[in-house]
Amino acid sequence: MASLLKRIALVVYLMRFSIAALLTILLVVMVYWAGLNGGFFFDDEASILHVEGVRLSTLSLDAIHLAWVSGSSGPSGRPVAQLSFALNHYFSGFDPFAFKATNLAIHLACGFLVFGLASRLLSAVKPPAMQRNILFVTGVLTTIWLLHPIQLLPVLHVVQRMTSLAALFLLAALLLHIIGRERGGRSGWVLMILAWTVGWPLSFFSKESGVLFPVFALAWELLVRRSSCGRLDCFARLFAALAIGVILAGGAYAISSRAQWLWSGYDFRPFSLGERLLTEGRVLWFYLGLIVAPSMEEFGLYHDDIAISTSLFSPWVTLPAVIGLVSLAWLAWRVRSRAPLVSFGIAWFLIGHALESTVLPLEIAHEHRNYLPIFGVLLVGAWALLQLLESKRGLGTIGVALTAAALSYFTFITALRAHQFGEEGRRTQIESQHHRTSPRTQYQAGLALAGLPDANLPTTPIHVFARRHYELAGELDPNFKLGLLGLIHLNCRAGMQADKVEIDELSRRLRETPFAPGDRNLLYSLKGMSIAGSLCLPRTDVDGLFAAALANPDVSPGVQAMLHSWHADYLWLREHDLVAARAALGAAMALVPTNASNRLKWAQLLYLAGEHQQAQKLLFVLREERFSIDERKTLDELLGQLSMLDSQAHPR
């Protein structure tokens, strides 16, 4: 009888759990549904739409390999994420709804892993008698994690799948590690081997933030497992010693001459390493504010309106922010024995930001960097709720009421943001109002308006507003260049001549101000719009803008070769000047002789110039090179045409 009752209780428990999980999934889908109809934006173009390898049309090994190596983000290229984009394209083309729905599915899968991890962490420090409260608190934590507004970008900004995929595999690896350690024996070692040899590499090759998995695992060993077991076992001590060794070795490498590539990004940033570190102290508190008390006005795709800290006293809040972070770390150490989950939660948040919010020359702030770190904050909140539920003074009701209010508010803000992201014009205009001093936000708002039909008429409000957004972008940041190109393009679309003042200012900025990675996109757009005939600049102005960029001392030889090659495209396809195109392409090949794409272009120019024998010789050599599908098609077609000409000239 007792056995039957246990089985019935288990069935009831599973049914309740399944119903709760299903309702949570439905709520998340409903909240995000409006945003799934939005389009691609920002880095989606560079990492997805303009990448040949993502355009997977067959499931052949060559096509899959091309997708795998198609990435240019980060040192690894993030091949797992790139392959997932390619598979999306294979099944649905470049339908943004399908890409975003896939992101939402990954987000939900992460939610299941968050539930499993939170459940084990809370159970490890509480007696089994509290299991019912633990289940409730874990469910609340997971639901808030899924519906918190700071989690929106990894769902609705397609390229941030890199972040959610890395989190998915990291959470899976950490769960396998924890279960393996708790289980022990042969099966435990199998789970741990899977965590370290499968989960960790998949996380890292989705995004480099996956490299933090061992640090999360070590924090669990030192804080949670030590608390539940009462001591560190041999494995944990060896793990800690190895981690210290790796950290010291990594630090030695980072300051060596071989690691200069790590710091080269500061050449293109308007801040130094020290200034970034000081600013990130404030940024972490900004993130915590968005997590604990999110405000619709504070969220945004760009946060380039955050002032740079030039010293501990400028802005004055820099010093209190640094002191606050030190105090937070001290608190984590102080309560490690009495409240290990609080200590672990604080450590989790800080570890989660150790890569992207410290020394690397990345942009100052992005919300998606909190996709994993927010779990630490919510874990501390879950621990506090559990204390209230177990309180004998009837504080549980207050805790539940506060939690319900927070969940309702978070869901409401996320629903508003999802609706905002459902249409490009709506998204950019709302963000431009919330971030009036952000150059990139203002530029994106102008770009969205400039794409509307009414922007062609200079007397319409759309044209006037687009122009003002572009002007603001250039005024807010004296190094920002895209706003000036936007103004030139806007005039061309309206049938007016480009303003000479704007052309001269763009030329000056290209020549004299720091040449950021995004400035390459400006020259690429300049080339593309000129070839398409949508830019009304004469050749002298286009040549002058390329010359100005090439004269910038910040431009590396590799980027110079790229610019020369794009200039050659313009001279060839727009101006039909083969002599000038060959000179520009020759300059690119002199800088980077091994670039196969440029050598293929050279063969095309040889063919057009009638130098068929030299073209054929080069094409035969290039057959062994790796090309995109379109480039391979061009090579084969050229060889076919040359073979036909050769057979006509020398008939048998």
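Predicted model: local features only at pLDDT ≥ 70, side-chain atom pairs only at ≥ 80, totals over all residues.
Student: What makes the overall size of the protein chain agree with a compact globule?

Tutor: For 652 residues, a compact globule would have a radius of gyration near 26 Å, and the protein chain has 28 Å, which agrees. Along its principal axes the C-alpha trace spans about 95 × 65 × 50 Å.

Student: What is the protein chain built from, in helices and strands?

Tutor: The chain has 29 helices and 0 strands. Buried residues account for 48% of the 652 residues. Of the contacts between residues at least 6 apart in sequence, 71% join residues at least 24 apart.

Student: How do you know that the reach of helix 6 is close to the expected one?

Tutor: Helix 6 covers residues 131-147, which is 17 residues. The rule is 1.5 Å times one less than the number of residues. The expected span is 24 Å, and the helix reaches 24 Å from its first C-alpha to its last. Its buried residues include Ile134, Val137, Trp145 and Leu147.

Student: Why is leucine 49 called buried?

Tutor: Its relative accessible area is 17%. Buried means under 20%, so leucine 49 qualifies. Leucine 49 lies in helix 2, residues 44-49. Leaving aside neighbours within four places in sequence, leucine 49 is in contact with Phe40, Asp44, Arg55 and Phe94.

Student: Why is glutamine 151 called buried?

Tutor: Its relative accessible area is 0%, and the limit is under 20%, so glutamine 151 is buried. Glutamine 151 is found in the loop between helix 6 and helix 7. Beyond four places in sequence, its contacts are Tyr32, His107, Trp145, Asn370, Tyr371 and Ile374.

Student: How many aromatic pairs does a search of the whole structure find?

Tutor: The search finds 24 aromatic pairs. In one of them, the rings of tryptophan 196 and phenylalanine 239 have centres 5.7 Å apart and planes at 80°.

Student: Why is that pair of tryptophan 196 and phenylalanine 239 called edge-to-face?

Tutor: The centres must lie within 6.5 Å, and planes over 60 degrees apart count as edge-to-face. At 5.7 Å and 80°, the pair is therefore edge-to-face. The pair links distant parts of the chain: tryptophan 196 is in helix 9 (residues 185-204) and phenylalanine 239 in helix 11 (residues 234-254), 43 residues apart.

Student: Are these two residues, tryptophan 196 and phenylalanine 239, buried or partly exposed?

Tutor: Tryptophan 196, at 24%, is partly exposed. Phenylalanine 239, at 10%, is buried.

Student: Why is the pair of tryptophan 200 and phenylalanine 213 called tilted?

Tutor: The ring centres are 6.1 Å apart and the planes are at 50°. Planes under 30 degrees apart count as stacked and over 60 as edge-to-face, so 50° leaves the pair tilted. Tryptophan 200 lies in helix 9 and phenylalanine 213 in helix 10, so the pair ties together parts 13 residues apart in sequence.

Note on methods:
Residues numbered from 1 in each chain as written. Heavy atoms only, no water. Helix = DSSP H or I, 4+ residues; strand = E, 2+ residues; numbered from the N terminus. Buried < 20%, exposed > 50% of the residue type's maximum accessible area, 1.4 Å probe, protein only. Contact = heavy atoms within 4.5 Å. Rg over C-alpha atoms; globule rule 2.2 N^0.38 Å. Phe/Tyr/Trp six-rings, centres within 6.5 Å; stacked < 30°, edge-to-face > 60°.
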